[in-house]
Amino acid sequence: MALSRIERMYYVYADSPDAIRTTVRDMASRDEVAGILLCAAPDADIADWLDPFFQELDLTVFGGLFPEIIYDGENTERGAVICGLASEPRVTTIPNLSSNRDYASDLEPDLPVDGYETAFVFVDAYSDNIQQFIKSLFRTYSVELNFIGGGAGTLEMEQRPCLFTNDGMVEDSAVVAAVETPVTLGVKHGWSEIAGPFRVTTLTGANYGVSTAGRRSRCMSLS
């Protein structure tokens, strides 16, 4: 699954703590920006400056730490991508994700009724019961919301604060940020046409498949 479009999102890359703070402030000053999503690479001192910085912001902000981030087609292990959202996000933090329970009581069931169409969902990748949380998420919203997100954390195999909101950084939690902006999701099978159409009687080989159209078929290669 790949995200192909988010309407009215503005995003910028910043490569240092000072640049991140400056960019976030600049993004927050735009009239068309109502909230900020921040995806940052781990930094040893990030909790020292990120917590107080987020708490001083008037704009709603959320996000997480990830081993690498991608900007303009390039992977990097430093800095952050700052995304300005045109719709003000309604943020819910679900604490103690590792406790075995029904998480529906932590969620806001009226989000679709209130006009929200998309939810960014980030979880601490080292928490237990993530699948149980996802089941609670879909039982609460079914297909009324589109979901984007994933697991946050580092590659150090150690749980530590990796998700953040205006209240600061948290661990063993999930963050759900709902926005009114719709998204378009695209799914692609990965096969490329290499020849045809042919009338296929037999076909062998693990890396080939056949798609039929009437009495004719095309030979496809998995790329």
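The side chain of Ser-87 places a polar atom 2.9 Å from the backbone nitrogen of Glu-180. Pairs like this are polar contacts (N or O atoms within 3.5 Å; within protein, one must be able to donate a hydrogen and the other to accept it, and residues adjacent in sequence count only if both atoms are side-chain atoms). Ser-87 sits in the loop between β7 (80–85) and β8 (90–94). Helices (H or I, at least four residues) and strands (E, at least two) are DSSP runs, numbered from the N terminus. Ser-87 is buried, and its relative accessible area is 7%. Buried means under 20% relative accessible area, exposed means over 50%, and partly exposed lies in between (1.4 Å probe, protein chains only). Leaving out residues up to four places away in sequence, Ser-87 touches Ala-34, Val-179, Glu-180 and Thr-181. Contact here means heavy atoms within 4.5 Å.

This is a predicted model, in which local features need pLDDT of at least 70, side-chain atom pairs count only at pLDDT 80 or more, and totals for chains, interfaces and linings use all residues. Residues are numbered from 1 along each chain as its sequence is written, and side-chain values use heavy atoms, with hydrogens and water left out.

Now the whole protein. It has 3 helices and 17 strands. Of its 223 residues, 39% are buried. Take the contacts with a separation of 6 or more: residues 24 or more positions apart account for 77% of them. The protein exposes about 12400 Å², and carbon and sulfur atoms supply 47% of that area. Accessible areas come from the Shrake-Rupley method with a 1.4 Å probe; for residues, only the protein chains shown count as cover.

How far can the model be read? pLDDT is the predictor's confidence in each residue, from 0 to 100. The mean pLDDT of the protein is 83, and 78% of its residues reach 70 or more. One is residues 1–7, for which the model has 20 contacts beyond four places in sequence. The other is residues 211–215, with 6 such contacts. Where pLDDT is low, the predicted coordinates should not be read in detail.

Turn next to helix α2, residues 46–55. Its buried residues are Ile-46, Trp-49, Leu-50, Phe-53 and Phe-54. Seen down the axis of α2, these buried residues fall within an arc of 120°, so they line one face of the helix. The arc is that of the directions from the helix axis to the C-beta atoms. On the face turned away from the buried side, α2 carries the exposed residues Asp-48 and Gln-55. What covers the buried residues? The cover includes α1 (17–28), β3 (35–40), β4 (60–65), β11 (163–165) and β12 (168–170).

Helix α1 holds Arg-21. Beyond its neighbours within four places in sequence, Arg-21 is in contact with Trp-49 and Phe-53. Arg-21 and Trp-49 are 28 residues apart along the chain, and their C-alpha atoms are separated by 9.4 Å. The side chain of Arg-21 also makes a polar contact of 2.4 Å with the side chain of Asp-18.

Strand β4 is another part of the cover over α2. Of its 6 residues, 6 are buried, so β4 is largely enclosed by the rest of the structure. Thr-60, Phe-62 and Gly-64 point one way from the strand. Val-61, Gly-63 and Leu-65 point the other way. β3 and β4 run parallel, joined by 6 bridges. Two strands pair if DSSP finds at least two bridges between them. Ile-36 has Val-61 in β4 as its bridge partner.

Strand β7 contains Gly-84. Gly-84 is buried, at 0% relative accessibility. Gly-84 and Arg-30 are 54 residues apart in sequence, yet 8.8 Å apart in space, C-alpha to C-alpha.

Most residues other than glycine have a negative phi. Asn-129 is not a glycine, but it has a positive phi of about 65°. Asn-129 lies in the loop between β9 (118–124) and α3 (130–141). At 25% relative accessibility, Asn-129 is partly exposed. Ser-142 also has a positive phi, near 50°. Its place is the loop between α3 and β10 (146–152). Ser-142 is partly exposed too, with a relative accessible area of 38%.
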